[in-house]
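Me: I would like to go through the disulfides of this model with you. Could you take me through them in turn?

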Amino acid sequence: MSPSTLSTTKFTALLALAVSVAAQAPTATFPPTALAEKHFSYPTGIPYKVDTDQGLIRGFQHGYNICNSTTENQHSLCQTSFLNAIDDFCLWAPDLPESVVADTEGEMVAWCTKPGKGTRLIPANALKGVQFMRTPDYVQVVGFIDQSKINIKGDDYGGEMDPHGADLRGNPMGGLIFSNAFSGGGDNYQQVIEWHNFMGGNAFCLKVCDPAGPNAAHFCEHRLDRIGCAYNAPNNAQNGTFESCLGDNQDYPGVYTDPAGAVHTYTQPPEEEGAISTMPYQPKVPASSQCTTLTSEVLYKALATVTAAIDSTITSAPTGVPTGASGSQPGPGGASRPASGTGSAAGAKGTDNAAVRETVVIGGVMGLIGVAFAGLLFA
Ligand SMILES: *[C@@H]1O[C@H](CO)[C@@H](O)[C@H](O)[C@H]1NC(C)=O
Ligand SMILES: *[C@@H]1O[C@H](CO)[C@@H](O)[C@H](O)[C@H]1NC(C)=O
């Protein structure tokens with residue numbers, strides 16, 4: 001065999017190997033267009049799936065974005081969500097019971113308080129207290145929930161969903177949120193480009209920023225995923241109270257003013273440094289006004305007959321479910337919550353950073369190669 005033949009043979013073999021690897025293994029991380037760059041009009045401009053990227057390491061979009069009466073049931077995989085008002089919002093939560101947020105954030109589906117949008121409905125009596133707040137730059141809903149009724153494992157301190165994620169495909173991948181809060185109400189739904197949603201610790205916060213606001217990306221910051229609602233959406237929501245308020249803007253998440261008047265920006269420490277046990281500041285809860293107190297029976301009457309797939313009396317997890325970072329202690333978001341429950345919301349857990357979460361998610365979907373790629377790409 002001549003050297004040139006050998007080399008051709010080798011090349012052919014390598015090429016064949018390369019083609020076969022390419023066919024079997026995902027080779028890229030980032031989509032050509034980031035989720036936050038994809039803009040749609042509701043309802044006619046929405047594709048069946050917003051995320052059509054094939055062969056990326058996190059696999060395929062779990063659900064779909066065209067949602068209608070056919071998809072409106074408790075198995076819906078609708079990933080088109082809303083935040084309009086205290087009686088009309090959706091939260092991201094898992095498809096299957098007893099899930100851990102860190103393991104399922106890429107596949108979350110919409111759970112809503114009102115029928116009519118092709119989604120799942122939040123089961124009756126799951127919501128224990130909700131505060132809706134409208135400010136100049138955003139609207140947010142913060143509350144207390146029996147999270148087992150929306151498929152989140154009872155002891156999970158959860159994590160953050162946003163339209164970015166380490167690979168820019170969003171968490172959930174392909175998830176969209178619309179609102180009529182900045183477009184005159186009614187059926188004038190407008191896509192909100194920047195939003196964040198913390199779920200966990202039997203609490204939640206969801207903030208959607210006015211797409212016309214110049215600082216939407218700051219108010220709806222998505223990097224501080226380990227410090228929960230108390231720092232990302234400071235509020236005085238009360239367990240047991242349902243109220244709709246007006247309020248001033250918060251400081252941008254992570255930005256704070258010390259007693260001497262100097263402004264600082266907090267940097268979330270890397271995961272390798274372990275759990276976040278101290279914080280250099282207490283977030284300022286902005287002033288609110290014109291709060292209207294309501295009752296859950298009136299607000300959520302459409303949910304009265306909606307039952308949960310699993311209820312809070314069941315606590316054991318199915319075996320074989322990857323536990324990821326579950327079961328760790330609440331972070332400062334939770335720990336700093338006063339005993340009265342005035343703080344609010346999801347204490348993010350120490351191990352819940354993007355790298356871990358992405359890796360865990362991929363582990364279930366892609367197997368070993370996916371994990372290896374993830375370890376390299378997200379490290
Ligand atoms: C309803 O939604 C499903 C799922 O997205 C879609 O396949 C179907 O075409 C929709 N039906 C109509 C009438 O739009
Ligand atoms: C909210 O109050 C209910 C009782 O109405 C209680 O069961 C639940 O644990 C409380 N939630 C939180 C997060 O404190």
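**Disulfides of the predicted model**

Reply: In this predicted model, a search of the whole structure finds 5 disulfides.

Me: How are the bonded cysteines paired in sequence order?

Reply: With the bonded cysteines of the chain numbered in sequence order, the pairing runs 1-2, 3-4, 5-8, 6-7, 9-10.

Me: Which parts do Cys90 and Cys112 tie together?

Reply: Cys90 lies in strand 2 (residues 88-93) and Cys112 in strand 3 (residues 109-112), so the pair ties together parts that are 22 residues apart in sequence. Their sulfur atoms are 2.1 Å apart.

Me: Is that disulfide of Cys90 and Cys112 right-handed or left-handed, and why?

Reply: The disulfide is right-handed, because the torsion about the S-S bond of Cys90 and Cys112 is about 95°.

Me: Moving on, where do Cys209 and Cys220 sit?

Reply: These two are joined by a disulfide, S to S 2.1 Å. Cys209 is in strand 11 (residues 203-209), while Cys220 is in the loop between helix 3 (216-219) and helix 4 (228-232), 11 residues apart. Cys209 is buried at 0% relative accessible area, and Cys220 is buried at 0%.

Me: And Cys291, buried or exposed, or partly exposed?

Reply: Cys291 is partly exposed, with a relative accessible area of 37%. Its disulfide partner is Cys245, which is buried at 3%.

Me: Which strands does the link of Cys245 and Cys291 connect?

Reply: The link is right-handed, with 110° about the S-S bond. Cys245 is in strand 12 (residues 242-247) and Cys291 in strand 15 (residues 288-294), 46 residues apart.

Notes: Residues numbered from 1 in each chain as written. Chains lettered and ligands numbered in written order. Predicted model: local features only at pLDDT ≥ 70, side-chain atom pairs only at ≥ 80, totals over all residues. Heavy atoms only, no water. Disulfide = S-S within 2.5 Å. Helix = DSSP H or I, 4+ residues; strand = E, 2+ residues; numbered from the N terminus. Buried < 20%, exposed > 50% of the residue type's maximum accessible area, 1.4 Å probe, protein only.
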